[in-house]
Amino acid sequence: MDENRLIETYRPRVFYFLLRRLRDRNLAEELTQETLMVAMQALRQDRLREEEKLAGYIFGIAKNLYYKTCRQRAQQDKFTADSAAGAPRRWLMDPEAGVLLEEQRKQVRCALDAMRPEDREILRRALVDAQPLEEIARELGVPYAAVRKRKSRAVERLRKMFLAMSQTSL
Amino acid sequence: MMNCHDIETHEIIDKYLGDRLSDQETEEFEQHYFGCAHCFAELQWRHAAALELNVNKNNLKTLPERVPRVWSPWHVPLAAAASILLAALMLFRFYDPQILVPPPVVQNESPEAGGLAGASDQNAKLQQLAMVEEAPPYVPSSSRGGEGNLALEKFKEGMEKYVQGRYADAIPSLEQSARLDPSHLPTTFYLGICYLMTDKVDHAISRLSRLTRPDSNPYSDESHWFLAKAFLKKQDLVSARKQLNSVVASDGPHSEEAQQAVRVLNEIEAGRR
């Protein structure tokens with residue numbers, strides 16, 4: 001694997017992983033750079049011959065950097081002061097995630113707008129509120145099998161539309 | 001070790017996004033998506049979908065909490081028959097405005113039904129709270145110097161537009177300035193404000209959140225206040241309340257407004273129970 005492809009492939013994954021853990025964009029960018037530099041160095045020194053082990057290797061670097069940062073911050077007692085809002089926000093709704101996924105959101109938006117309100121509501125309860133399907137069925141007064149089917153179809157529709165839009169935008 | 005089939009069968013992605021996996025499962029899934037383009041793409045679009053669905057959470061065009069049984073098997077043929085009858089009536093009767101005027105929408109205001117009117121009133125209150133009536137003023141520094149500092153030049157360029165109220169136009173210059181000098185606090189602050197004024201709420205939160213540590217900058221109080229506004233726009237009342245509490249505790253210029261906002265939040269939350 002060449003360096004450009006390494007960066008293109010792994011940068012988004014490393015950044016997502018670190019941002020979720022750290023909730024700090026600047027720090028996540030810094031550690032992502034560091035992770036990729038270590039990986040590229042290993043590539044240049046021919047220490048990464050088996051491409052199938054590359055993902056695991058890069059994950060290991062990112063994870064170790066994250067834990068090292070946690071230890072440093074714990075010593076400096078920064079973590080408790082950092083979050084003015086107390087306990088960390090749900091990653092699902094974290095504004096940093098909102099910024100990170102802006103392009104994907106635009107693509108998904110079109111697909112969601114085309115969906116029926118009933119299906120959108122089922123999806124919202126399942127994906128956002130993490131409500132079990134049985135509960136959704138009960139609250140909406142709809143048979144469980146119907147809710148399960150609608151959710152499954154809505155997810156499939158979204159997946160196809162998103163993938164189709166991602167490919168046309170390349 | 002997880003594979004794609006396990007991930008789909010056990011809805012691992014949704015659980016990961018909802019922080020419902022154990023530490024070990026989380027790490028296993030993370031290791032998996034590092035090596036799996038398909039699952040990483042799936043993770044991203046599901047996350048994006050959840051974010052978008054949440055934005056529209058209180059949009060009244062979606063269903064209210066209880067949905068009447070519209071999926072009964074008899075409703076479809078009945079609805080079809082009604083449509084045919086209506087079409088026939090129209091043909092028979094010719095155009096009559098009285099017939100075509102729809103019946104008034106009766107909104108059930110009883111608290112037990114949690115009527116549309118109640119939800120709409122709460123939304124109106126939230127929108128009112130979230131409104132930023134006036135962006136914080138910017139007074140340019142009268143000191144000379146900084147020529148040749150590109151970050152500062154870009155900052156000034158952006159702020160010229162800011163003071164004219166052209167917040168969207170100010171963003172590109174301020175973004176460039178921020179990239180050149182990420183440690184310049186005024187850039188981070190005013191960029192956050194520009195995003196807030198142009199309803200790019202997540203971007204606003206991302207910027208302003210960097211300024212809330214009191215020992216690091218003079219924008220801390222203001223940042224808490226405008227962060228509260230941003231969270232209110234997102235209808236994230238828990239986070240908004242935390243920011244408002246910080247504003248109240250700081251006893252700064254927005255302290256009284258923040259106290260009033262907390263009272264309104266309490267009323268809204270009491271109304272939802």
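Predicted model: local features only at pLDDT ≥ 70, side-chain atom pairs only at ≥ 80, totals over all residues.
Student: Before we start, what should I know about the numbering and the model?
Tutor: Residues are numbered from 1 along each chain as its sequence is written, and chains are lettered from A, with ligands numbered from 1, in the order in which they are written.

Student: OK, chain A. How many helices and strands does chain A have?
Tutor: Chain A has 9 helices and 0 strands. Both kinds of element are DSSP runs numbered from the N terminus: helices are H or I with at least four residues, strands are E with at least two.

Student: And how much of chain A is buried?
Tutor: Of its 170 residues, 46% are buried. Buried means under 20% relative accessible area, exposed means over 50%, and partly exposed is in between, with a 1.4 Å probe and protein chains only.

Student: What about the surface of chain A?
Tutor: The accessible surface of chain A is about 8900 Å², and 49% of that belongs to carbon and sulfur atoms. Those areas come from the Shrake-Rupley method with a 1.4 Å probe; for residues, only the protein chains shown count as cover.

Student: Now chain B. What's in there?
Tutor: Chain B has 14 helices and 0 strands. Buried residues are 41% of its 273 residues, and its accessible surface comes to about 15800 Å², with 56% on carbon and sulfur atoms.

Student: What share of the contacts in chain B join residues at least 24 apart?
Tutor: Counting contacts between residues at least 6 apart in sequence, 53% in chain B join residues at least 24 apart. A contact here means heavy atoms within 4.5 Å. For chain A, residues 24 or more positions apart account for 61% of the contacts with a separation of 6 or more.

Student: How many salt bridges between the chains?
Tutor: There are 10 salt bridges between chain A and chain B. The rule asks for a side-chain nitrogen of Lys or Arg within 4 Å of a carboxyl oxygen of Asp or Glu. One salt bridge links the side chains of R159(A) and E42(B), at 2.5 Å from N to O.

Student: Let me look at D14(B). Where is it, and is it buried or exposed?
Tutor: D14(B) lies in helix 2 (residues 12-17) of chain B, and it is buried, with a relative accessible area of 10%. Leaving aside neighbours within four places in sequence, D14(B) is in contact with L127(A), K151(A), R20(B) and R46(B).

Student: What about S177(B)?
Tutor: S177(B) is in helix 9 (residues 167-180) of chain B. S177(B) is buried too, with a relative accessible area of 1%. Setting aside neighbours within four places in sequence, its contacts are A151(B), K154(B), F155(B) and T187(B).

Student: Last topic: what is the phi of R23(A)?
Tutor: R23(A) has a positive phi of about 60° although it is not a glycine. Most residues other than glycine have a negative phi. R23(A) sits in the loop between helix 1 (3-22) and helix 2 (25-44) of chain A, and R23(A) is partly exposed at 22% relative accessible area.

Student: And where is Q235(B)?
Tutor: Q235(B) is in the loop between helix 12 (220-233) and helix 13 (237-250) of chain B. Q235(B) has a positive phi of about 60° and is not a glycine.

Terms used: Heavy atoms only, no water.
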